[in-house]
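Please look through the structure below slowly, keeping the sequence beside it.

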Amino acid sequence: MFQDFLRHDELGLKIGEAAARRDWSVLLPFFNERDCIGDTVASLARQDERPLVILIDNASTDDSADVAVAACRDHDLPYVLVHERRPGKVAAPAAGLACVTTPFVATCDADTWYPAHYLATAQTLLERTGVAAAGAYFVARAAGTARRVASALHVNIAARLLPAQCHAGGAGQVFRTAALRGAGGFDPQRWNLVLEDHEIIHRVLKHGAMDYSTSLWCSPSPRKRDRASVRWTLAERLCYIVTAATQTGDWFFYNHLAARLAKRQLSSDRLRERRYQRATAPAAVFAPAVVA
């Protein structure tokens, strides 16, 4: 099933062997992240709940894959290396999810640091009745107590007030694997635009609640985000609030937002643009499906 895109080298592990007796798989997509991915892998190797790391090379043009594999070997961390040539933050985790056999799965970014308790805390949330997903808030590793408390309260209060929305970015999302697959998983045919972290949660919420905790956090790299703006507008955000509250989210994402993002050419591969390097090739224009 995986032969077309999965490479095992002499120290790589077969999926079944790597996932045996483990509760967690981590999807770690990357595109030209050689400077950051070693630190990310090191943080995953220190987890109290030691995961299988599914490295997804999204057509990197540097030696990111070699750096990532070397880091896994150095830390004796079980890994699988997947090559996904279709660009974008939807195609990459889609390829990785096909390899997951554990009950829990986390989506992590290659430039983000995760504290040792991250997966254990996430598992405590996901084991609660009716919970399908959980989200972490972002805070700098060196942040003081006041900043941490403020960040934690901001996300957790927002989640209490607006439980039908997503309040965590893709770097800090964790799932029950069954719920994620039941929602259709990551699917470029369904959604190949930016804001994929919100769209996937919209679907997963149909299979259970999303939980948060003041103890669940991670630290994205402080490097400057210099790519072209891929954010949604204030009007789109307000519409998201209204439609989420009125359970008309399907219309919002697939009839309204998708058309607007496609018109602005905000396909998911735009997330890989940087000042020194553009996406390798423009993705095909996404044609949103119309939901009645």
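On the face of helix 6 that is turned away from its buried side lie the exposed residues T145, A146, H154, R160 and L161, where exposed means over 50% relative accessible area, buried means under 20%, and partly exposed is what falls in between, for a 1.4 Å probe and protein chains only. Helices here are DSSP runs of H or I with at least four residues, strands are runs of E with at least two, and both are numbered from the N terminus. This is a predicted model, in which local features need pLDDT of at least 70 and side-chain atom pairs count only at pLDDT 80 or more, while totals for chains, interfaces and linings use all residues. Residues are numbered from 1 along each chain as its sequence is written, and side-chain values use heavy atoms, with hydrogens and water left out.

Which residues of helix 6 are buried? They are R148, S151, A152, V155, N156, A158 and A159. These residues cover an arc of only 160 degrees around the axis, and therefore sit on the same side of helix 6; the arc is taken from the directions that lead from the helix axis to the C-beta atoms. An α-helix has 3.6 residues a turn, so residues three or four places apart point the same way. Among the elements that cover the buried residues of helix 6 are strand 7 (131-138) and strand 9 (209-220).

Those two strands, strand 7 and strand 9, run parallel and are joined by 6 bridges, and two strands are said to pair if DSSP finds at least two bridges between them. Within strand 9, D211 is the bridge partner of A134. Strand 9 also pairs with strand 6 (residues 112-113), here in the antiparallel sense and over 2 bridges, with T112 standing opposite P220.

Because 7 of its 9 residues are buried, helix 2 is largely enclosed by the rest of the structure.

Finally, consider the confidence of the model: the mean pLDDT of the chain is 87, and 84% of its residues reach 70 or more, pLDDT being the predictor's confidence in each residue, from 0 to 100. Over residues 1-12, however, the pLDDT is below 50.

Conventions:
Contact = heavy atoms within 4.5 Å.
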